[in-house]
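Please find below my note on the model under discussion.

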Amino acid sequence: MNPTGLKAEGATGSDAAVDDAPATPLAAPVLTPEPPRSGLRRVVVTGSGTVNALGLNVPDTMAAMREGRCGITRLDFRDVERLTVQIGAQIHDWEPEAHFNRQQILLYDKFTQFSLLAAKEAVAQSGLAFHGELGLCSGVVLGTAGGGLNTWDENYRVVYEEGKNRVHPFVVPKLMNNAAASHVSMEFGLRGPAFTVATACASSNHAMGLAFQMIRSGGAKVMLTGGSEAMLCFGGVKAWEGLRVMSKDACRPFSANRNGMVQGEGAGVFVFEDYDHARARGADILAEVVGFAMSADAQDIVMPSAQGAERAITGAMKDARLNPEEVGYINAHGTGTAANDKTECAAVAHAFGHHADRLMISSTKSMHGHVIGGTGAVELLACIMALRDGVIAPTIGYEEPDPECALDVVPNTAREAKVDAVLSNAFAFGGLNAVLALKRA
Amino acid sequence: MSKDVHDRIIAIIAEQAMLDPSEVRPDMSPADLGIDSLGMVESIFAIEEAFDISIPFNANEPDQSDFDVSTVGSITAAVEKLVADRG
């Protein structure tokens with residue numbers, strides 16, 4: 001592994017050259033121990049739920065990740081023939097009627113529907129009911145980038161293309177970015193902190209990080225958290241086409257012949273709970289959330305910076321009191337674009353020094369697509385699977401080694417390995433980075 | 001027509017590079033002109049709009065697209081061909 005030369009490209013601004021100086025190889029950094037922090041609560045995951053192209057629940061999704069199954073197919077929606085990119089990890093068997101009544105369907109955009117179904121699975125697994133006191137100190141924080149984008153798209157079509165002058169009365173409550181978080185709060189009676197985070201592709205990692213911090217600081221007992229995205233519609237994909245970073249054939253993260261990202265859709269929602277509370281009621285603990293850090297590149301609106309990513313990675317380990325050698329697996333941001341994958345590998349190589357050659361890093365976006373604001377939540381399932389089941393989800397679609405991504409990317413086939421601590425990376429457009437650290441329960 | 005097409009392409013590239021068209025030479029690369037990957041995507045969009053053509057360009061593999069963006073000369077030649085094919 002030679003990190004030299006793996007530097008972020010396209011940096012703009014006069015300070016960029018200084019900040020983006022090539023990384024030099026380092027020994028595994030030893031983080032300065034910090035004094036124990038009193039009063040902080042431990043935070044555990046006691047429920048998980050998802051809806052995505054690999055499955056409409058957690059067991060089906062994890063089975064697909066173990067098999068290395070690809071959820072990317074030909075897109076199917078109105079006007080798809082006018083798109084130059086016609087593939088995506090779309091949920092083709094989505095039937096809202098199977099889960100919601102007529103009135104709910106009128107009120108719920110698809111991103112809200114995905115969130116609610118995932119939240120129901122997570123809460124059912126946790127065994128929690130939010131009556132009385134618990135509801136008052138429990139909340140929900142969800143990430144989404146586009147919110148009710150299908151609702152915007154459909155109603156713009158009605159007024160602009162079809163020339164109608166009247167729209168359905170629920171357009172605003174359907175499309176607003178906080179609709180999903182609000183409906184989840186109503187569904188379960190969560191009366192504490194409730195809000196939505198929108199940081200593009202890092203939205204759900206930021207959301208889960210904030211949920212973690214709220215419980216750790218004693219601000220809440222239980223938080224439902226994760227994120228959702230439903231951007232696979234004509235306007236959603238057309239907008240992405242403009243940037244010319246999408247692949248027309250496949251998502252191949254870290255592979256030398258990668259040619260762009262592939263969008264997905266879906267949601268992931270988790271129950272984060274105060275450890276003492278979970279322990280007292282004998283809950284099944286899926287994993288412990290031990291650290292979180294966020295950083296901003298403050299550099300470029302689309303080109304990532306290795307230094308910004310590295311600061312979030314190192315920050316999460318420091319927050320978790322983890323030494324780099326303890327981390328066995330990283331769920332990568334791994335979008336399959338030329339820029340992200342080499343920058344991310346450079347950041348990991350520099351943050352971990354020699355240990356970078358011993359840890360595993362995979363991008364499950366190769367299977368469930370880039371779920372944008374919901375992606376970190378769907379990807380947290382791969383982290384839980386690694387910690388709980390000892391199965392590392394693979395990077396599928398991997399065809400050719402890239403010297404700029406010379407890490408163990410778990411190519412094409414899942415691997416059995418016991419890992420004690422993992423990280424989950426998310427690096428958003430706008431240079432906003434969010435990394436979570438988890439440990440085996 | 002060809003001279004007109006050529007001049008319009010140069011004008012678009014010059015505007016992106018914030019230079020006078022007379023300063024843009026055929027042997028210059030986008031990097032020579034200070035045009036980064038996002039600037040390249042913008043220029044291609046402007047050229048597509050100006051000539052009503054579709055340019056096959058993927059920012060992930062600029063060297064492998066059928067559309068050669070290595071120099072100003074290669075860009076103008078490729079656009080002139082697309083405009084001619086359009087008829």
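The points below cover the conventions, the domains, a helix pair, the core and the chain contact.

1. The model is predicted: local features need pLDDT of at least 70, side-chain atom pairs count only at pLDDT 80 or more, and totals for chains, interfaces and linings use all residues. Residues are numbered from 1 along each chain as its sequence is written, while chains are lettered from A and ligands numbered from 1 in the order in which they are written.

2. Chain A is divided into domain 1 (43–280) and domain 2 (291–439), with bounds that come from an automatic or database domain assignment. The C-alpha centres of these two domains of chain A lie 21 Å apart.

3. In chain A, 63 residues of domain 1 are in contact with 56 residues of domain 2; contact requires C-beta atoms, placed from the backbone, within 7 Å of each other. On the domain 1 side, strand 1 (43–52), helix 2 (58–67), helix 9 (203–216), strand 6 (222–229) and strand 7 (266–274) of chain A each supply at least two residues. Helices (H or I, at least four residues) and strands (E, at least two) are DSSP runs, numbered from the N terminus. Helix 9 of chain A gives the most to this side, with eight residues. The side divides into 29 nonpolar, 28 polar and six charged residues. Here Ala, Val, Leu, Ile, Met, Phe, Trp, Tyr, Cys and Pro count as nonpolar, Asp, Glu, Lys and Arg as charged, and the others, Gly among them, as polar.

4. The axes of helix 9 and helix 15 of chain A come within 6 Å and cross at roughly 70°. Axes are lines fitted to C-alpha atoms, for helices over the stretch in contact, with angles from 0 to 180 degrees between N-to-C directions. Helix 9 of chain A is therefore roughly perpendicular to helix 15 of chain A, a label for angles of 65 to 115 degrees. Ser204(A), Asn205(A) and Met208(A) of helix 9 meet Thr375(A), Gly376(A), Ala377(A) and Leu380(A) of helix 15.

5. The largest nonpolar core has 154 residues, of which Ala316(A), Val348(A) and Val422(A) touch the most other members. Such a core is a set of buried Ala, Val, Leu, Ile, Met, Phe, Trp, Tyr and Cys residues joined through C-beta atoms within 7 Å; buried means 20 or more other C-beta atoms within 10 Å of the residue's own. Helix 15 (residues 375–389) of chain A provides the largest share, ten residues. Both domains of chain A give residues to this core, so it lies between them.

6. Eleven residues of chain A are in contact with nine residues of chain B. The chain A side comprises four nonpolar, five polar and two charged residues.

Conventions
Buried ≥ 20, exposed ≤ 12 C-beta atoms within 10 Å, placed from the backbone. Contact = placed C-beta atoms within 7 Å. Parallel < 35°, antiparallel > 145°, perpendicular 65-115°, else oblique.
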